[in-house]
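Subject: Structure handover

Hello,

Here is the structure I promised to pass on. Please open it and keep it beside you while you read.

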Amino acid sequence: RHCLFVTGFAVAFAQHLGMREDDQRRLTRASLLHDVGKAFIPLAILDKPGKLTDEEISVMRNHPRLGYEALVAQGGFPPEMLDVVLHHHEFLDGSGYPNGLRGDQISDIVRLTTIVDIHTALVEKRAYRLPFTHAEAFATMEKMGGKLDPHLLHAFRPVALGAH
């Protein structure tokens, strides 16, 4: 369900940005599979109602690499999709995972997907917390400082708040 919700926001964002149709399709496919690695994470961790232990966080942080490796092993997936699956938790300031990429090391399609993924995660009900409103989620993202692309985040505002 999360991947479908992310994909819906990604499509709306891509249309709002006026992306070419083929770029929209690439973003859509990448969004659909961005969290495929969570299929390899135990449900006890994914659905845990309380705070994760350090060990559980470590297991959870493996999902991008596990998803990437599974798609590479299967073959036939385009490079930008593999990039999104592996790097959707990377931040511009280098504090993300799994590779600690920073700035220009992070592609535009990953920057877009990261923004949409974070917003979606915040507005969804989770086992450990109630959902944020779209306005609360966007305000939280604005407070993330140098982690997210500021131009893309500003452009996402009307999509996030339903004003596009």
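Below is what was found in it, from the whole chain down to single residues.

First, the ground rules. This is a predicted model, so local features need pLDDT of at least 70 and side-chain atom pairs count only at pLDDT 80 or more, while totals for chains, interfaces and linings use all residues. Residues are numbered from 1 along each chain as its sequence is written, and side-chain values use heavy atoms, with hydrogens and water left out.

The whole chain

The protein chain has 9 helices and 0 strands. Here helices (H or I, at least four residues) and strands (E, at least two) are DSSP runs, numbered from the N terminus. Along the sequence the pattern reads α-α-α-α-α-α-α-α-α.

The C-alpha trace spans about 40 × 40 × 30 Å along its principal axes. The radius of gyration is 15 Å, which agrees with the value near 15 Å for a compact globule of 164 residues. That radius is taken over C-alpha atoms, and the globule rule is 2.2 Å times the number of residues to the power 0.38.

Of the 164 residues, 41% count as buried. Buried means under 20% relative accessible area, exposed means over 50%, and partly exposed lies in between (1.4 Å probe, protein chains only). Now look at contacts, meaning heavy atoms within 4.5 Å. Take those with a separation of 6 or more: residues 24 or more positions apart account for 60% of them.

Helix H6

Find helix H6 at residues 79-87. Its buried residues are Met81, Leu82, Val84, Val85, Leu86 and His87. They pack against helix H2 (21-33), helix H5 (63-74) and helix H7 (108-123).

H2 against H7

How do the axes of H2 and H7 cross? They come within 11 Å and cross at roughly 55°. Axes are lines fitted to C-alpha atoms, for helices over the stretch in contact, and angles run from 0 to 180 degrees between N-to-C directions. That makes H2 oblique to H7. The classes are: under 35 degrees roughly parallel, over 145 roughly antiparallel, 65 to 115 roughly perpendicular, and the rest oblique.

H2 passes H7 in a right-handed crossing. Right-handed means that the near helix is turned clockwise from the far one by less than a right angle; anticlockwise is left-handed. H2 brings Arg26, Leu27, Ala30 and Ser31 to the contact, and H7 brings Ile109, Leu112 and Thr113.

H7 against H9

Helix H9 covers residues 150-160. H7 and H9 pack at an angle of about 45°, with their axes 11 Å apart. That makes H7 oblique to H9. The crossing of H7 past H9 is right-handed. From H7, the contact uses Asp108, Arg111, Leu112, Ile115, Val116 and His119. From H9, it uses Leu152, Leu153, Phe156 and Ala160.

Is glutamine 24 buried or exposed? Glutamine 24 counts as buried, because its relative accessibility is 18%. This residue lies in helix H2. Leaving out residues up to four places away in sequence, glutamine 24 touches Ala14, Gln15 and Met19.

Histidine 16 is found in helix H1 (residues 2-17). With a relative accessible area of 35%, histidine 16 is partly exposed. Histidine 16 and isoleucine 115 are 99 residues apart along the chain, and their C-alpha atoms are separated by 14 Å.

Best wishes
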